[in-house]
Amino acid sequence: MFTGIVTDLGTLRALKPGAVTRLEIATAFNTDDIALGASVACNGCCLSVVEKGAGWFAFEAAQETLAVTTLKDWKVGDRINLERPMQVGDELGGHIVAGHVDGIGTVVQAVDDQGSLRLTVEAPENLAKYIASKGSVTIDGVSLTVNEVSGRRFGVCLIPITQEATNLGKAVVGKRVNLEIDLIARYVARLLGQDGN
């Protein structure tokens with residue numbers, strides 16, 4: 001489990017496509033205390049460490065992961081939002097995030113607002129009903145408050161520190177982003193029989 005508070009902005013240093021795609025990410029994390037098999041949220045996608053060294057770690061992504069996330073868009077040099085799992089007793093600064101990407105959204109508007117960056121994102125039809133004004137949503141692993149909702153589109157506002165600490169500060173129109181809806185919204189919909197199942 002994660003909180004959606006990005007704690008390192010890593011850089012994709014190598015990518016090797018194949019039946020399983022290997023991703024190497026440079027990081028400021030101390031990799032000495034990260035075990036092989038440990039989970040790290042990478043742009044909101046929970047991946048397991050398969051190899052590591054000083055200042056870097058490697059992950060493998062299966063075809064299913066590539067199909068349902070933006071990982072297939074990544075290029076060497078891209079900045080990647082990183083978060084290690086929360087531990088019992090940690091401050092929950094964002095909201096409860098599973099690291100399981102629900103779908104891919106698209107940035108349809110990016111506007112400067114007196115130093116803050118306002119993004120409008122279009123969600124897939126099947127996710128839109130779970131996104132509510134003043135609720136929480138995770139975009140590329142970043143916990144954000146939804147400002148407004150209009151159909152499949154919703155708005156968020158990034159204050160300067162969020163722009164600097166995450167890759168969303170460089171978001172442009174057309175950028176595809178990983179979305180994870182709020183876990184509570186998912187379970188409420190399930191209990192009310194409104195999730196289609």
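In this predicted model, strands β9 (residues 136–139) and β13 (residues 176–181) run antiparallel and are joined by three bridges.

In general, the strands of a sheet pair through backbone hydrogen bonds, in either a parallel or an antiparallel manner.

Strand β10 contains S143. Because its relative accessible area is 16%, below the 20% limit, S143 counts as buried. Its side chain makes a polar contact of 2.7 Å with the side chain of H95. When neighbours within four places in sequence are left aside, the residues in contact with S143 are T3, G4, G94, H95 and V137.

Two loop residues deserve a separate note. D140 lies in the loop between β9 and β10, and N43 lies in the loop between β3 (39–42) and β4 (45–53). D140 has a positive phi of about 50° although it is not a glycine; N43, also not a glycine, has a positive phi of about 50°.

| Residue | Relative accessible area | State |
|---|---|---|
| S143 | 16% | buried |
| N43 | 3% | buried |
| D140 | 1% | buried |

Conventions. Residues are numbered from 1 along each chain as its sequence is written. This is a predicted model: local features need pLDDT of at least 70, side-chain atom pairs count only at pLDDT 80 or more; totals for chains, interfaces and linings use all residues. Side-chain values use heavy atoms; hydrogens and water are left out. Two strands pair if DSSP finds at least two bridges between them. Helices (H or I, at least four residues) and strands (E, at least two) are DSSP runs, numbered from the N terminus. Buried means under 20% relative accessible area, exposed over 50%, partly exposed in between (1.4 Å probe, protein chains only). A polar contact is a pair of N or O atoms within 3.5 Å; within protein, one must be able to donate a hydrogen and the other to accept it, and residues adjacent in sequence count only if both atoms are side-chain atoms. Contact means heavy atoms within 4.5 Å.
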